[in-house]
Amino acid sequence: MGLLTNLRDSISRVTDGLFAADEPKRIGIYGPPNAGKTTLANRIARDWTGDAVGPESHIPHETRRARRKEDVEIERNGRKVTIDIVDTPGVTTKVDYKEFLDHDMEKDDAVRRSREATEGVAEAMHWLREDVDGVIYVLDSTTDPFTQVNTMLIGIIESQDLPALILANKTDLEGSDVQQIANAFPQHETIPLSALEGDNMDEVYTKIAEYFG
Amino acid sequence: MPHQCTSCGRTFPDGSKEMLSGCPDCGGNKFQFKPAGATDDAPAGQTGPAADQTGPAADSSGSPGGASGSPADPADQSRPTPDEGSAPTADDGDAERRPSEPADATPTDPEANADAAAEPDGTEQIADRSDEDTAQASARSEVVSPDELDRASQDVEPSETPPAEAEPQPGIDALRDELNDQFESIRIVSPGQYELNLMELYDRQEYIISLQEDGRYVIEMPDAWGIQDE
């Protein structure tokens, strides 16, 4: 199965490559919960299409279904790159409804949110396997990047040979440590930004065009 | 009369081989050791608890007795040693009496020095006769500390590795398989609490669309193209 699956993936990649000029690349925005993925997706979508992708929240697992914003045209240095942005649910190895109870949520709602978040992780992992051509990996630069989830996801992305851009988000917050993220994944370029404030988005767009164009 | 059967009270001289197969009179294999210099009143308080132990101990006396059943052969002296070692260990329960023993035992036997000097660790500073090996003497002489017991048990394991090592290999594999089986892509710890195996979620072709309260879940099957490939 694995061999044939790989074969199919390869064919899919080759096919995608053939139509690269026409078909927009699907860029998955991945990362742990509450890293600012949706904030970034909304920032990109608003900057280039005027629309938002989905609601943002400080409560983890606000995004529990992958949301796609298609045909986002990004112009950089006279070059136009069209991508589909897939904002994915935060990936984690444990989901516990109790963490939602701290956010003034009733137990029933917390349990439901927990279940949906778990489904969301499954969906995110599925998309990563089947349906993305590149990854924007968003990390909260105020938290420790050396986690099992980050290591595993970056490993999967590398094993798939997917182009990956690592973003150190939340540089507007005190305690932001971009270097720590750069140290954690030295094999990748780390771009600092604040998706919320729009800081350093120019460099982010330049890199998106460079990596996924 | 250093050795006394705790069951019937029969006494044996220090280093006696008679008791190696258990007490010839009653078959008991629990003995208390009282150095020659010790006073006679000590055993009085010990007979109670010691007698309690003789029941189960007597049951197990068969095999040690068999193993050491050739006292006439001097070359066999090394074999009774482990058995002899276990008997004093049982006596170690009398901790209140033991600590005073080495001091008493040391001067009792003038012949001790010769054998004790041969011991590299210098622990055999006690009575030791020519017809008694040093391990025997050591076992009688000191109370084994808990630390020593731990170390001894750890040391024993490596020496038994040939048979022991062959077993763990399939055991570990079986355990790993079992764990792999147990570790599903999504484990429901309790309602609202989930553990996810990301690699498993990533690897599987179908994907879980929705989880049900009762632990069931809905998956999206791979398309027909994928199924034919299976």
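Guide: Let us begin with accessibility: a residue is called buried under 20% relative accessible area, exposed over 50%, and partly exposed in between, with a 1.4 Å probe and protein chains only. The model here is predicted: local features need pLDDT of at least 70, side-chain atom pairs count only at pLDDT 80 or more, and totals for chains, interfaces and linings use all residues. Residues are numbered from 1 along each chain as its sequence is written, chains are lettered from A and ligands numbered from 1 in the order in which they are written, and side-chain values use heavy atoms, with hydrogens and water left out.

Visitor: Why does A:Glu189 count as partly exposed?

Guide: Its relative accessibility is 30%, and therefore A:Glu189 falls in the partly exposed class. A:Glu189 lies in the loop between helix 6 (178-184) and strand 7 (190-192) of chain A; helices (H or I, at least four residues) and strands (E, at least two) are DSSP runs, numbered from the N terminus.

Visitor: Which residues are in contact with A:Glu189, leaving aside its neighbours within four places in sequence?

Guide: Contact means heavy atoms within 4.5 Å. By that rule, A:Glu189 touches A:Ile166, A:Lys207 and A:Tyr211.

Visitor: With which side chains does the side chain of A:Glu189 make a polar contact?

Guide: A polar contact is a pair of N or O atoms within 3.5 Å; within protein, one must be able to donate a hydrogen and the other to accept it, and residues adjacent in sequence count only if both atoms are side-chain atoms. The side chain of A:Glu189 has such a contact with that of A:Lys207 at 2.8 Å, and another with that of A:Tyr211 at 3.0 Å.

Visitor: How is a sheet read?

Guide: Strands of a sheet pair through backbone hydrogen bonds, either parallel or antiparallel. Two strands pair if DSSP finds at least two bridges between them. In chain B, three strands form an open antiparallel sheet in the order 2-1-3. Its edges are strand 2 (11-12) and strand 3 (31-33), each pairing on one side only.

Visitor: Which strand of chain B pairs with strand 4 of chain A?

Guide: Strand 4 (residues 94-96) of chain A pairs with strand 5 of chain B, antiparallel, over three bridges. Here A:Lys94 has B:Glu195 as its bridge partner.
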